Amino acid sequence: MSILYQTTGIVLSRRDWREADRVYSVLTKEHGKIEVVGRGARKPLAKLAPHLEFCAEVDLLVVHGRVNETVAGVERKKNFPGLYNDLLKTVVANHMLQLVDMGTREREVDQFLYEEVRNFLSFLNKAPTLTSERSAFLLSAFTLKLLGLLGYRPELNFCLHCRGVIKAGEFRWHALKGGVICGSCVEEDREQWFSSRSLSDEVLKLMRFAMTERFADLLRPHLPGEVLDEYHETVEGLLVAHFPTIPATTLRAACQF
Ligand SMILES: [Zn+2]
């Protein structure tokens with residue numbers, strides 16, 4: 001027996017399937033991430049497909065069948081027109097959606113994640129023209145927030161071991177354990193913290209800022225090149241250490257073209 005249900009979502013990714021169909025991975029408010037088939041979506045006159053190919057929030061009517069779920073109807077609920085004619089913004093949006101797709105499992109409902117994705121798209125939609133540096137910074141800031149939502153919130157304020165407040169210039173960084181360790185804990189047990197490395201105060205500050213501020217405020221800080229190198233390396237390190245799959249390109253490379 002088939003069941004029909006309605007849901008609101010944002011398409012994270014698409015892939016061709018069979019001869020004329022496509023499979024869409026959709027982050028929904030009510031059911032978490034779902035995979036739905038768009039029948040005939042690759043045919044030139046497909047009625048439903050155009051709404052699923054754009055970056056938008058859509059209302060979906062889904063048939064829950066025996067083998068898979070199929071799109072029976074789709075309507076665009078919220079468009080993000082500011083993205084459609086801006087190549088860099090489109091790249092940032094697609095990369096962000098890809099990260100969410102990689103980091104989530106099906107049917108795990110997370111309203112906060114849904115809101116964060118929607119907020120990021122709304123923010124990009126209205127944001128002024130971005131430079132590649134700013135785009136990469138925004139993408140990495142989203143990554144930090146995403147890691148937090150997925151249960152890998154990096155520790156940026158207190159020592160991972162003794163929970164003491166981290167003081168400027170007196171700490172090290174451990175990507176796999178996900179945060180900062182104070183100098184005295186490292187001294188006490190050099191073996192345990194063997195793979196920790198140094199991290200500058202500026203980069204730690206920038207990470208705290210990216211992690212806690214609203215997207216619109218991330219347009220403000222000056223982004224000096226030498227700080228950005230270390231910043232990106234550190235965020236990528238966290239991503240590699242905690243994500244189930246690793247993106248094919250670095251966040252920074254994705255924004256350079
Ligand atoms: Zn400590």
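Tutor: A pocket here is an open set of grid points with protein on both sides within 12 Å along at least five of seven lines, and a volume is the space filled by probe spheres set on the points. Keep in mind throughout that this is a predicted model.

Student: What volume does the second largest pocket have, and which residues lie nearest its centre?
Tutor: The second largest pocket is lined by 13 residues, and β1 (3-17), α2 (81-84) and α3 (87-103) each supply at least two residues of that lining. By class, its lining has 7 nonpolar, 4 polar and 2 charged residues. The volume is about 200 Å³, and the residues nearest the centre are R14, E53, C55, T90 and N94.

Student: Which element gives the most to the lining of the largest pocket?
Tutor: The largest pocket has a volume of about 260 Å³, and its lining of 14 residues includes G103, T104, R105, E108 and L150, which lie nearest the centre. In that lining, 6 residues are nonpolar, 4 polar and 4 charged. Both β3 (32-38) and α5 (132-152) supply at least two residues, but the element that gives the most, with 3 residues, is α5.

Student: Since β3 has come up, which residue of β3 is the bridge partner of V26?
Tutor: Strand β2 (residues 21-28) runs antiparallel to β3, and 7 bridges join the two. They form a hairpin with 3 residues between them, and 6 of the 7 residues of β3 are buried. Within this pairing, the bridge partner of V26 is I34.

Student: What geometry does the site of the zinc ion have?
Tutor: The protein donors are the SG atoms of C159, C162, C182 and C185, lying 2.3 Å from the zinc ion, and along the chain they follow the spacing C-x2-C-x19-C-x2-C. Ideal angles for four tetrahedral donors are 109.5 degrees. Four donors count as tetrahedral if all angles lie between 85 and 135 degrees; because the angles among the 4 donor atoms here are 105 to 115 degrees, the site is tetrahedral.

Methods
Residues numbered from 1 in each chain as written. Predicted model: local features only at pLDDT ≥ 70, side-chain atom pairs only at ≥ 80, totals over all residues. Heavy atoms only, no water. 1 Å grid on protein atoms, 1.4 Å probe; cavity = no way out; pocket = protein on both sides within 12 Å on 5 of 7 lines; lining within 4 Å. Helix = DSSP H or I, 4+ residues; strand = E, 2+ residues; numbered from the N terminus. Nonpolar A, V, L, I, M, F, W, Y, C, P; charged D, E, K, R; others polar. Donors = N, O, S within 2.8 Å, 3.2 Å for Na, K, Ca; no water. Tetrahedral: all angles 85-135°; square planar, octahedral: opposite > 155°, others 65-115°. Buried < 20%, exposed > 50% of the residue type's maximum accessible area, 1.4 Å probe, protein only. Pairing = 2+ DSSP bridges.
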